[in-house]
Amino acid sequence: MADDGAFSPAGEGLSVTIGIQLNMEGASENREELLEDDDEEEFEMETNDLDNVGDQVLEIKSNGLENVTELVPGVERNDLENDGEQILETDSEQVLEFESNEHESNSDQLLEIPSNYHDNNSDQMLGIPGKEYENDKDAHTANVDGQIDGLKGKFYVSPVVGMEFESYDDAYNYYNSYAKEVGFGIRVKSSWTKRNSKEKRGAVLCCNCEGFKTMKEANARRKETRTGCLAMIRLRLVESNRWRLDEVKLEHNHLFDPERAQNSKSHKKMDSGAKRKLESAVDVEVRTIKLYRTPAIDAVGYGSSNEREISNHIEQPKRLKLGKGDVRALYNYFSRVQLADLNFFYIMDLNDEGYVRNVFWIDSRSRAAYGYFGDVIVVDTTCLSNNYETPVLAFTGVNHHGQSVLMGCALLVDETMETYVWLLRAWLTSMSGRPPQTIITDHCKALQSAIAEVFPRAHHCLCLPLVIKGIHEKLGEVGRSEMFHTILNRMVYKSTKVEEFEIDWEEMIEHFAIRDHEWLQSLYEDRERWVPVYLKDTFFAGMFASQPGECMSSFPHGYAHKQTTWNEFFDMYESFQQKSIQKETLDDIESREFTPELRTSCSYELQLSDIYTKEIFLKFQDEVELMSSCFSVTQIHANLPVITYLVKEQDSKGDARDTRNFEVIYDKIGAEVRCICGCFNFRGYLCRHALCVLSYIAVNEVPSHYILSRWRKDLKRLYASDLGSNNIDITNPVQWFDHLHRRAMQVVAEGMTSQDHHMVAWQAFKESLNKVRLVADKRV
């Protein structure tokens, strides 16, 4: 699975910890740029008056620059002739290369950009002279991603996906300085914080012309300045505690106005801060920003050992790989389904050349099912990450029988963050903007970033079986050993407290000498997304494998294989949907007629035998039966109305020496019971430990708030989408149709439950039709 960035590190020659320090300074129009080199390989870009040029000079000599729009390729511009293309290489007159040799920390560095793009009598050089070079091998040569304003001689670095900053303020100040140089203002469009914390985790900074003011915000005395501009950057706090640019849009839909931009709030704030730091002899504003070099930046702007491969990758227009008959298969399926399903939803994403990049679709039954079972969603990218012929991604939920339910499918061109953001927004649109509580995916950084953007309040977790599988594969011989397998399983699945897991992890990596394994370390940093002991407050409805051997199978597993064609896939998809509907119908009938054989005399078993569907009751019945293994309940702490109990449980094999302790908290006021094992959130019903405490304190029935409606067999579920309201525009015939169709389909769904229901529904339709015709007759 692809990582968060567009490109993966090529290897060995480039460190991702090299700091690039950008000093953005405002000065007079006649100015030059300084680059300073220090021992930590940090680059300082300064702008000073010509009178203050030191020994280390960034020199831009320009004699009549004409039509210079871009110094370094890789940044998309509106004024390029080949609009929409991203170019990394130009002609022989503008060759930008990256050469790297191992040097000591005090080695010299040279950034050189030879260019004959303009008149022959002009040259451009970015230089950091330290000592004299004895030969070319002693120099670093790198690309610099920037732009030149030929009229004013100004230089600035454009935002690039993958840039990293030491702090949020650094990132904000960088984009603000860039905006001021170009001629627009910025503002914070949105930001989000960590759950149960004020710690900022991400933000979107946009052009101050973004969006449009509402009627309430509009002021008749002031001219409207917003144009719906899409220029923006999206920031995210990553594992290294740096702020990374995940998304960049450079194109504006308005002209730049430097004078008006100077008066924007963001630049006024910047100017006032600079004034406090003015030196008496120099009229210049200084702002130091640390920008870290990363493989993603190097791939686009600073050079890479994989430069040719990356260039080829970027220059190819992104589009779905289509085989013979694939488009026809897609068209036939959509045409056929739309005739039978008026609430079928699909959307296509096209590139600038009109080619299909991504497709998403969902039928009306799935949209309606989401209203009942949309609390937990699994995003399955198996076909996509394993390069199947059909690059399908599936959204899956679980119904009241614990059976997988499709919540939409997509065909995707790649696994980039941009693609995933498009997909999640399309999916959210089809669900009328209602996000899930919990979303489970594999370990894909791009998808993780997209979820943080589109579903900032959802609990994003990783599929535990895939994580465990990845650990065994990544660690090679160590991962294949039986001892490692046993230790890992015990640590992941048996830990009841965070401290237990973290101590055991330290012992494991020390024992197997895997402390320096980078992938494993990054996985550990993400442990709150996949280790059960951290996830007890997250609801999963049985879709998270909290015990060894558990696995939730979903479409397309068992249907699609690596060579499945599109035509075959759509046949399989329809077959899966039909079988799912049939199975759910049969399960409903079986649950209504099911009279379970009780295994105990426990009142909880009898109570829920009449409420839960058959499949869920059988699982709950196992918990009731295992109450017999809990041989001791003791009150250990009381802070009324909250009381803490300790439940001792014997090993399932009956070994008295192997016992485990479980703390259960009971709140008398709300009749709330919570076990440290987290069973209720993981599975959706109470565990044996909680039941033992309820029995111990003489509570004879399971409290109603622990009987979830999603498991009830007596709840009528109408799979007719009701995603709108009764408020319609009486002048809009389209809304008439949509409103009437939704209501009619609800009657159809009710009418299919039995023969009697069918007859009543049919009679109601006939009576309604006669009444409507009477209205028409009166008008005549």
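Residues are numbered from 1 along each chain as its sequence is written. In this predicted model, local features need pLDDT of at least 70, side-chain atom pairs count only at pLDDT 80 or more, and totals for chains, interfaces and linings use all residues, while side-chain values use heavy atoms, with hydrogens and water left out. Helices (H or I, at least four residues) and strands (E, at least two) are DSSP runs, numbered from the N terminus. Strands pair if DSSP finds at least two bridges between them.

**The sheets**

| Strand pair | Residues | Bridges | Facing residues |
|---|---|---|---|
| β17 and β18 | 392–398 and 404–411 | six | Gly397 and Val405 |
| β22 and β23 | 642–650 and 659–667 | nine | Glu649 and Arg660 |

**Helix α11**

Helix α11 spans residues 464–474, and its buried residues (under 20% relative accessible area, 1.4 Å probe, protein chains only) are Leu464, Val467, Ile468, Gly470, Ile471 and His472. These buried residues pack, with contact meaning heavy atoms within 4.5 Å, against β20 (459–462), α12 (476–480), α13 (482–494) and α15 (518–525). Gly476, which follows α11, has a positive phi near 60°.

The axes of α11 and α13 are 12 Å apart and the helices pack at an angle of about 150°; axes are lines fitted to C-alpha atoms, for helices over the stretch in contact, and angles run from 0 to 180 degrees between N-to-C directions. The two helices are therefore roughly antiparallel, a term for angles over 145 degrees. At this contact, Leu464, Ile468, Ile471 and His472 of α11 meet Phe484, His485, Leu488, Val492 and Tyr493 of α13. By class, the contact has seven nonpolar, two polar and no charged residues; Ala, Val, Leu, Ile, Met, Phe, Trp, Tyr, Cys and Pro count as nonpolar, Asp, Glu, Lys and Arg as charged, and the others, Gly among them, as polar.

Technical notes
Buried means under 20% relative accessible area, exposed over 50%, partly exposed in between (1.4 Å probe, protein chains only). Angles under 35 degrees count as roughly parallel, over 145 as roughly antiparallel, 65 to 115 as roughly perpendicular and the rest as oblique.
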